[in-house]
Amino acid sequence: MAHDEWVDIGAAAEFSRQPVQQVMLGRVRVAVSYRDGRFGAISGVCNHVGGPLGQGRLDGDYVVCPWHYWKFHFQTGKGEPGFEEDAVPAYEVREENARVLLRPIPVSKRTRKLHAPHPLARPVVANSGAIRVLGISTTSMTQGQERYSTSDDLLKSALAHAASSLGCESQLVRLHDLKFRPCEGFYSKSARACTWPCSITQMDPEDQLDRVYEGLVHWADVILVATPIRWGAASSLYFKMVERMNCIQNQETIAGRSLLRNKVAGFIITGGQDNVQAVAGQMLGFFAEIGCQYPQYPYIAHSRGWSAEDMENNTRYVQDSKLLHEGAGALAGRCVEMAGILRAGSLKDEMREEPRARGGRKAQELDTHAQLQGRGADPAPGGE
Ligand code: FES
């Protein structure tokens, strides 16, 4: 087939039933659209990070990328008004004898508008000054009507100890002060649709989780996370934050890039009823998976157990307990000491120095799968 020959890609009736469809020309993806009696054909690969335009939808004359909603004119491939320079290749397409014909050589080129990178996308630079301790309080409370929180109070003691006795810089982020959207499941569309910086952060300047990302990735050496126990689990705000950190973990999986290196995490867990070990287990598991290190005894906790319902006494108990506040300071001390050890020895940069063995890590396909598939397709002579 000569490249400039028209190719019959199917029945017009079929294409006019669906506003946007993906057509494969060999290995080339094309998004074929139909609107008000007109056909259009543009590249099926989005300019942003390669989303499948042929699986998108039509918004007026524009194909909307299903990943992060960039728009391209269904016939010219140009970006939406103001972003015309962001264009994907367009193809000639026509209807003849109730068939749709497409010429496989594009009539325009892919062009990209210059987009300033998000500030979070800058390289991560190791801190060589005073150790920095970031506290993240995950308890929920009414804006302007602050109440006493046991986890928040112990976190403040830990940060105060780090700053006043250990010579650290410290910073407290309270999730309940931030307005941020829940994770919207870009990863569920495709691993590559989950981006760093987070797709929501890049799209929505009102979203304030950038402060947590900035603190975690670019600022902190030590991360102290405090949570109340709510129905046997960490707080809902903790999980809302953790779901948005998928983008940090996912960089490991899709790009072999570790955003959190030589960072130490510790946890403060308090609750009226028990379940400390399960909450700690989840937190340890998650922060390990995003690359954090732990000191010896990486969490402190307090709980009065199933039979206690006198929460007024519980809050007073924590407020007054010298031991608990000293324990919070000691946790900060262990984390800071560990951060110092890591800084002195520094973890080997496996990403640059040698290929990393990924067996057993998340989303790593095992060699046994490949072997089994290989056997099915092409059995070895004399094999089973
Ligand atoms: S908008 Fe298309 S890949 Fe992001």
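Where is the place of Ile-9? Ile-9 sits in strand S1, residues 7–11.

## Model and conventions

This is a predicted model: local features need pLDDT of at least 70, side-chain atom pairs count only at pLDDT 80 or more, and totals for chains, interfaces and linings use all residues. Residues are numbered from 1 along each chain as its sequence is written. Helices (H or I, at least four residues) and strands (E, at least two) are DSSP runs, numbered from the N terminus.

## Ile-9

Ile-9 is buried, because 21 other C-beta atoms lie within 10 Å. The cut-offs are 20 or more for buried, 12 or fewer for exposed, and partly exposed in between, with C-beta atoms placed from the backbone. Ile-9 touches Val-23, Val-32, Val-100 and Leu-102, not counting residues up to four places away in sequence. Contact here means C-beta atoms, placed from the backbone, within 7 Å.

Ser-157 lies 148 residues from Ile-9 in sequence. In space, the C-alpha to C-alpha distance of this pair is 68 Å.

## Helices H2 and H10

Ser-157 is one of the H2 residues that contact H10. The axes of H2 (residues 150–164) and H10 (residues 322–345) come within 8 Å and cross at roughly 50 degrees. H2 is therefore oblique to H10. Angles under 35 degrees count as roughly parallel, over 145 as roughly antiparallel, 65 to 115 as roughly perpendicular and the rest as oblique. Axes are lines fitted to C-alpha atoms, for helices over the stretch in contact, and angles run from 0 to 180 degrees between N-to-C directions.

The crossing of H2 and H10 is right-handed: the near helix is turned clockwise from the far one by less than a right angle. H2 contributes Leu-154, Ser-157, Ala-158, His-161 and Ala-162 to the contact. The H10 side includes Leu-324, His-325, Ala-328 and Gly-329. By class, the contact has eight nonpolar, five polar and no charged residues. Gly counts as polar in this scheme.

## The five-stranded sheet

An open sheet of five strands runs in the order S12-S11-S13-S14-S15, with parallel pairing. Pairing takes at least two DSSP bridges between two strands. S12 (169–174) and S15 (299–303) are the edge strands, and each pairs on one side only. Neighbouring strands are turned by 15 degrees against each other on average, direction ignored. Five bridges join S14 (residues 264–271) to S15. Gly-271 has Ser-303 of S15 as its bridge partner.

Two helices pack on this sheet. H5 (residues 210–219) touches S11 (132–137), S12 and S13 (222–228), and its direction makes about 150 degrees with that of S11. H8 (residues 276–289) touches S13, S14 and S15, and its direction makes about 155 degrees with that of S14.
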